[in-house]
Amino acid sequence: MTQSVDERPASSTGPAPALEVRDGRKSFGAVHALRGVDITVRVGEVTALVGDNGAGKSTMIKCIAGIFPFDSGAVLVNGTKAHIHSPAEASAAGIEVVYQDLALCDNLDIVHNMFLGREMKKGLRLDETAMETKAADVLASLSVRTVRSIRQQVASLSGGQRQTVAIARAVLWNSKIVILDEPTAALGVAQTEQVLQLVRRLADAGLAVLLISHNMNDVFEVADSINVLYLGQTAAQVRTSDSTRAKIIELITSGAASTDEPPLSGRRTDAAATTTNGSNPA
Ligand SMILES: Nc1ncnc2c1ncn2[C@@H]1O[C@H](COP(=O)(O)OP(=O)(O)OP(=O)(O)O)[C@@H](O)[C@H]1O
Ligand SMILES: [Mg+2]
């Protein structure tokens, strides 16, 4: 990581963002997957991360989550530089990721899935009562009412309910920053709506939410801010209220918007010029 990054930008007012990445870069051999990414994720907000296939969204999330660290750049948590080199370090920094495959165990019930790998114990035995109470509390705090019983096997749940369990599991661990990778990709209309409402509630409950999505309807329904990746670079981060679908789609497909939209982060207005000169890393 570079050591020259200021802990707080001079222009900042109010609390530091929950999560920031500055000039993150990552290569896999000759493939430059990330060639300068910047993102700001604030408490109480949903920040959407969008971009075409191969733009680098998953790579960026994996770097933030410590699966593999950035080659260079800085990650700041609450304004302080964080050194995240493993998923455990990301967890310790309050960052939880809900991956698209969810990694739930079909043959276990909701409670056991929520505590998978971090079971509560009483002596040598599992503390079933404590886990059940905590799981019920978290689901209630998220106003999840669609599951019949928290002792139901996950195999019997719908896609939306499975997503809910995975999100609740992330929230259980005192996480401050929750990253969701395409949470509605496999869902129907009604389930998508339920999950989006849950995503909004997470932010309203004071978490910082980073939502990866291909779906402009989802993005414009729940996101406060939209960050666009183009060929491994941040094209812009804009307030949703200041933008339109057409502008975001233009940013996704060309790396630049033809109108004068001020980028929130203000750093990478030159993205189009630099990315069109570079080769597509995909
Ligand atoms: N482990 C890896 N080894 C080599 N190249 C990789 C690896 N992971 C990702 N890449 C490359 O990095 C680039 C970005 O990939 P990434 O998966 O981050 O894109 P994405 O934005 O998540 O795309 P999608 O929308 O299809 O999920 C692609 O060119 C991809 O081939
Ligand atoms: Mg991906």
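**Getting your bearings**

Start by colouring by pLDDT, the predictor's confidence in each residue, from 0 to 100: the mean for the protein is 84, and 87% of its residues reach 70 or more. Select residues 1-11, where the pLDDT is below 50 and the stretch has 14 contacts in the model beyond near neighbours in sequence. Then select residues 266-282, also below 50, with 33 such contacts. Two residues are in contact here if their C-beta atoms, placed from the backbone, lie within 7 Å.

This is a predicted model, so local features need pLDDT of at least 70 and side-chain atom pairs count only at pLDDT 80 or more, while totals for chains, interfaces and linings use all residues. Residues are numbered from 1 along each chain as its sequence is written, with chains lettered from A and ligands numbered from 1 in the order in which they are written.

Switch to cartoon: there are nine helices and twelve strands. Helices (H or I, at least four residues) and strands (E, at least two) are DSSP runs, numbered from the N terminus. Residues 24 or more positions apart make up 67% of the contacts with a separation of 6 or more.

**Stop one: the six-stranded sheet**

Pick out the open sheet that goes β6-β9-β10-β3-β11-β12, with mixed pairing. Its edge strands are β6 (95-98) and β12, each pairing on one side only. Two strands pair if DSSP finds at least two bridges between them. The twist averages 20 degrees from one strand to the next; axes are lines fitted to C-alpha atoms (for helices over the stretch in contact), and angles run from 0 to 180 degrees between N-to-C directions.

Zoom in on β6 and β9 (residues 177-181), which run parallel and are joined by four bridges. V97 has I179 in β9 as its bridge partner.

Next, show helix α8 (residues 245-254): it lies across β3 (46-51), β11 (225-230) and β12, at about 25 degrees to β11. In β12 (residues 233-239), click A236. Is A236 buried or exposed? A236 is buried, with 28 other C-beta atoms within 10 Å. The cut-offs are 20 or more such atoms within 10 Å for buried, 12 or fewer for exposed and partly exposed in between. Draw a distance from A236 to G255, 19 residues apart along the chain: their C-alpha atoms are separated by 8.2 Å.

Move to the open antiparallel sheet ordered β2-β1-β4-β5, with β2 and β5 (80-82) at the edges. The twist here averages 30 degrees from one strand to the next. Three bridges join β4 (residues 72-77) to β5, and V75 has A82 as its bridge partner in β5.

Select α1, which lies across β1 (19-28), β2 and β4 at about 115 degrees to β1. Six of the eight residues of α1 (residues 57-64) are buried, so the helix is largely enclosed by the rest of the structure. Among the buried ones are M60, C63 and I64. Just after α1, G66 takes a positive phi of about 80 degrees.
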